Amino acid sequence: MSEQKEPGVLQGFKAFLMRGNVIDLAVAVVIGAAFTNIVNSVVKGVINPLVGAIGTKNLDSYSSCLKGPCEQAADGSVTSGVMILWGSVLGAALSFVITAGVVYFLMVLPMAKYLARQEARRKARESTHEIIEVSELEVLKEIRDALVAQGGQRGPGHIER
């Protein structure tokens with residue numbers, strides 16, 4: 001009995017993996033992981049020096065002592081007091097904003113514009129097709145009216161020889 005269930009489970013797993021959503025998600029995770037290095041480089045190479053012009057280049061060094069006296073060891077761990085490391089939160093927030101901005105302006109916005117152009121082209125093709133259909137219909141009505149008018153003048157059943 002377990003032999004009958006195994007192919008079903010494997011087939012279900014294969015169907016799950018072959019869904020477009022799973023593959024798209026896997027691609028997004030891989031690209032996101034690679035993109036993280038770029039964002040971290042921008043933060044370390046551009047943002048931190050800009051902040052360093054005002055204070056220190058390392059955002060992690062910004063902190064506040066909530067309950068003092070606060071002392072830190074050489075490795076950065078807090079030995080006494082309660083310290084809030086808001087600089088690292090600021091650095092993470094900047095990384096997030098940069099990532100979101102780059103993804104939006106370099107990926108989402110161009111794709112939305114591309115899809116809008118495609119939709120406009122599709123609608124233009126459909127409206128052109130409708131105009132052609134309407135024109136053909138009008139021509140057929142005119143032919144019918146002309147035939148009816150000719151039939152009325154010559155009488156019903158009149159055939160030219």
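Throughout these legends, buried means under 20% relative accessible area, exposed means over 50%, and partly exposed is in between (1.4 Å probe, protein chains only). The model is predicted, so local features need pLDDT of at least 70 and side-chain atom pairs count only at pLDDT 80 or more, while totals for chains, interfaces and linings use all residues. Residues are numbered from 1 along each chain as its sequence is written, and side-chain values use heavy atoms, with hydrogens and water left out.

**View 1. Val108 on helix α3.** Here is Val108, a residue of helix α3; helices are DSSP runs of H or I with at least four residues, strands are runs of E with at least two, and both are numbered from the N terminus. Val108 counts as partly exposed because its relative accessibility is 42%.

**View 2. The nonpolar patch.** Patch residues have over 30% relative accessible area and no salt bridge, with nonpolar side chains (Val, Leu, Ile, Met, Phe, Trp, Tyr) joined within 5 Å and like charges within 9 Å. A salt bridge is a side-chain nitrogen of Lys or Arg within 4 Å of a carboxyl oxygen of Asp or Glu. Helices α1 (2–18), α2 (20–54) and α3 each supply at least two residues, and the largest share, five, comes from α3.

**View 3. The positive patch.** Lys113, Arg117, Arg121 and Arg125 gather on the surface as a patch of positive charge, each charge being placed at NZ of Lys or CZ of Arg. Arg121 sits in helix α3 (residues 86–154), and its relative accessible area of 48% makes Arg121 partly exposed.

Definitions and conventions
Accessible areas come from the Shrake-Rupley method with a 1.4 Å probe; for residues, only the protein chains shown count as cover. Lys and Arg count as positive and Asp and Glu as negative; His and the chain ends are not counted.
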